[in-house]
Number of protein chains: 2
Amino acid sequence: VAELRGTALHGKAAIGQSGGPTHVINQTLVGAVLEACRHPRIEAVLGARHGIDGMLTENFVDLGAESVANLELIARTPSAALGSVRKKPKPEDVGKLIQVFRKHDIRFFFYIGGNDSAETAHIVRELSRKEDHEIAVCHLPKTIDNDLCVTDHCPGFGSAARFVALAFIGDNLDNRSLGGVKINVVMGRHAGFLTAASVLGRESPDDGPHFVYVPEVPFRVERFLADVKQCYEKHKRCIVAVSEGVADENHKTILPTTETDSHGNAQLSGTGALGDYLAQLVRKELGISRVRSDTFGYMQRCFPTVASEIDMREARGAGEYGVQRLMRGETSGSVVLRRTGEGDAYAVEFDWTDLANVAGKTRTLDSSFIAAAGNDITKAFVHYAAPLVGPLPAMGRLSMIAPR
Amino acid sequence: VAELRGTALHGKAAIGQSGGPTHVINQTLVGAVLEACRHPRIEAVLGARHGIDGMLTENFVDLGAESVANLELIARTPSAALGSVRKKPKPEDVGKLIQVFRKHDIRFFFYIGGNDSAETAHIVRELSRKEDHEIAVCHLPKTIDNDLCVTDHCPGFGSAARFVALAFIGDNLDNRSLGGVKINVVMGRHAGFLTAASVLGRESPDDGPHFVYVPEVPFRVERFLADVKQCYEKHKRCIVAVSEGVADENHKTILPTTETDSHGNAQLSGTGALGDYLAQLVRKELGISRVRSDTFGYMQRCFPTVASEIDMREARGAGEYGVQRLMRGETSGSVVLRRTGEGDAYAVEFDWTDLANVAGKTRTLDSSFIAAAGNDITKAFVHYAAPLVGPLPAMGRLSMIAPR
């Protein structure tokens with residue numbers, strides 16, 4: 001019965017966005033805001049600027065006062081409209097948070113983010129009960145990495161995967177026209193989902209990427225060089241996809257030296273070091289002159305016009321569903337997607353799971369998605385990911401008819 | 001009268017694509033092929049694989065035998081469908097070329113490319129007259145760098161500029177959400193047109209890029225750091241656009257060490273070195289912790305789905321027009337675009353210029369396009385470039401209404 005006290009809760013809702021932005025995180029925001037406005041038990045919808053930071057400093061905006069037209073435009077705008085933050089609250093922060101929530105009569109807490117955000121929601125829930133200011137909490141999933149547990153896939157992944165698939169379609173044509181070796185570094189520290197999406201646009205047997213290296217498989221430099229050599233000898237060209245997070249058998253970076261970020265983690269995004277290092281290796285060890293690397297970087301998560309329609313719809317629905325669950329009496333949980341149809345009949349249902357099943361946990365590529373040789377991606381992955389990315393544009397190719 | 005002998009020419013046409021691919025180089029190819037098929041004096045349209053290389057090795061395909069439907073699909077496909085090449089023919093190559101043309105009864109030579117390709121066409125024309133196998137030659141302009149003389153702008157530029165503008169629209173939102181300094185390196189060795197396109201999506205006064213550094217202005221590290229510092233102190237964020245070709249007062253790279261390509265030129269594309277160097281400088285000299293760089297790389301010229309409609313149409317028209325000029329009796333020249341309407345009434349006409357006006361010459365940003373301070377782009381450039389890029393998607397932004 002204590003678990004259903006949420007049904008009686010009445011007050012304001014606070015919503016925040018956390019972690020790396022995505023193409024569709026604003027869809028989830030707008031889905032939650034518009035749905036929340038329909039429920040009389042929610043007196044106001046406060047948006048926190050820069051997630052937990054804005055909540056701690058009472059930096060709120062009135063999202064219910066935004067026009068629907070403007071919200072709809074924001075929904076189709078990449079990145080986090082409220083501003084985002086990378087911060088795990090410390091125990092004293094959570095205490096402060098409950099004070100702020102009490103002061104503003106906030107009884108519903110929505111946090112859009114990855115597994116860290118689920119953990120934050122979990123901590124807020126637990127402390128709010130101890131402090132006798134009960135707050136119903138809802139984690140709304142968001143990550144381009146697709147690394148959350150329980151859910152079939154994460155809002156944000158399909159659109160970033162679409163960007164990667166399109167980039168490889170174009171770059172495969174570029175590499176075909178001028179030859180040589182091309183190394184593209186794709187986001188993904190621990191999970192190779194986004195890098196795996198590089199294969200989604202392959203049509204012909206000689207289309208690249210010819211090899212895909214994900215963090216789930218230990219990266220061996222000799223193997224990489226042998227792969228590239230063999231492909232280059234056959235096609236006079238080779239294009240590979242590499243996750244920024246590839247590491248050796250001991251989970252150590254393959255780079256000789258590395259910058260670290262403010263948390264002491266190796267800085268992977270926002271630097272071309274890995275691609276440049278691999279390109280230099282190919283140049284020196286294989287004696288191939290035309291070798292280039294690109295690091296796709298932040299465009300993967302915010303480039304306008306590429307968002308997947310399905311992803312937009314699901315991200316919107318996740319926001320709406322989270323509000324509905326709290327309104328139905330749930331007091332704590334995370335929205336998940338369950339796939340109910342495959343292929344052309346692709347369909348999903350929203351569902352709900354305990355925060356503990358998501359908080360701080362990381363999913364990686366299923367082994368069935370990785371080719372046995374460890375340097376490519378399987379058809380099972382294509383089957384899984386293609387509906388999330390949506391139809392890719394057909395590319396033309398000359399028939400190369402010999403003159404009479 | 002000798003100049004009009006072309007009117008009597010009768011034989012096959014050879015067409016090739018040269019240099020870096022673009023989003024719309026296949027539009028020009030298809031425009032030329034479909035137009036050539038309508039003229040009885042052109043007996044066949046031979047496509048050379050990898051430009052001059054395919055001509056020297058008689059590696060031809062019959063483009064007239066391709067279905068129109070397939071050609072139309074190819075027209076909307078980025079990169080060079082015939083394959084491209086980076087090669088200036090040597091004098092002995094041109095002699096060989098004339099032999100091949102004589103053997104295949106090729107009397108019309110179409111070369112799609114930049115100023116090097118115009119030069120190649122010029123040399124072929126001159127030698128063909130000496131060798132008594134007269135060939136009418138037509139250079140069809142193509143470059144994302146927009147660095148050809150005479151023409152108002154170059155097919156290929158509008159689409160690459162659209163990619164850059166979109167990327168900055170998204171990255172400005174990303175930078176706004178998480179703060180910090182972001183450095184984006186854009187293609188352009190000598191001409192800053194593409195980097196200048198980074199400003200086309202700016203809407204609000206605080207939208208990035210906050211600074212733009214082009215090769216036309218000597219790059220001073222102290223100035224760059226002072227710019228970034230001032231912006232960061234004001235907005236807690238800063239996003240800058242830098243041409244890959246920025247250089248100091250003595251036209252030397254600002255990088256401590258640099259790879260060189262097979263021609264001994266500094267390798268600028270396909271490496272993250274410049275962005276990483278500048279990011280490191282900002283980190284060390286200004287003590288800012290969140291500093292990232294992205295090097296946009298090859299996506300700028302081949303990413304599917306972003307081509308500008310105007311650019312596609314103009315690229316197509318250039319190919320058609322070149323064929324028409326040779327059929328009307330011209331024997332040598334380059335297709336140029338003349339702007340006949342501005343702003344909403346933007347319009348162009350095709351025209352023709354001597355190869356000597358284009359061959360080997362490079363246009364750079366007009367000084368009226370560069371802000372007096374040398375670190376930004378003017379409205380005059382926006383007026384010039386906006387029609388070429390086409391309408392950019394509107395982005396939403398919260399009104400940030402204070403809660404009651």
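Chain A of this predicted model carries an open sheet of four strands in the order 7-8-6-9, and the pairing is parallel. Strand 7 (211–213) and strand 9 (291–295) of chain A stand at the edges with a single partner strand each, so one side of each has no neighbour in the sheet. From one strand to the next, the twist averages 15°.

- Strand 7 of chain A runs parallel to strand 8 (residues 237–243) of chain A, and three bridges join the two.
- Helix 8 (residues 221–235) of chain A lies across strand 6 (180–186), strand 7 and strand 8 of chain A.
- The angle between helix 8 and strand 8 of chain A is about 150°.

- Leaving aside residues up to four places away in sequence, A:His104 touches A:Lys12, A:Glu58 and A:Phe60.
- With A:Glu58 there is also a polar contact of 3.0 Å, made between the side chains of A:His104 and A:Glu58.

**Helix 9 of chain B**
- Helix 9 (residues 273–286) of chain B has 14 residues, which should span 20 Å at 1.5 Å a residue; the end C-alpha atoms are 20 Å apart, so the two values agree.
- Its buried residues include B:Leu274, B:Leu278, B:Leu281 and B:Val282, and also B:Asp276 and B:Arg283.
- Within chain B, the buried residues of helix 9 pack against strand 6 (180–186), helix 8 (221–235), strand 8 (237–243) and strand 9 (291–295).
- Across to the other chain, the buried residues of helix 9 of chain B pack against helix 9 (273–286) of chain A.
- Just after helix 9 of chain B comes B:Gly287, with a positive phi of about 65°.

**Cysteines without disulfides**
- Over all chains, the structure holds zero disulfides.
- The closest cysteine sulfur to that of B:Cys154 belongs to B:Cys149, and at 9.0 Å the pair is too far apart for a bond.
- B:Cys154 counts as buried because its relative accessibility is 0%.
- For B:Cys302, the closest cysteine sulfur is in B:Cys154, at 17 Å, which is too far for a bond.
- B:Cys302 is buried too, with a relative accessible area of 1%.

Notes: Residues numbered from 1 in each chain as written. Chains lettered and ligands numbered in written order. Predicted model: local features only at pLDDT ≥ 70, side-chain atom pairs only at ≥ 80, totals over all residues. Heavy atoms only, no water. Polar contact = N/O pair within 3.5 Å; in protein donor to acceptor, adjacent residues only side chain to side chain. Contact = heavy atoms within 4.5 Å. Expected span 1.5 Å × (residues − 1). Buried < 20%, exposed > 50% of the residue type's maximum accessible area, 1.4 Å probe, protein only. Disulfide = S-S within 2.5 Å. Pairing = 2+ DSSP bridges. Axes fitted to C-alpha atoms, helices over the stretch in contact; angles between N-to-C directions.
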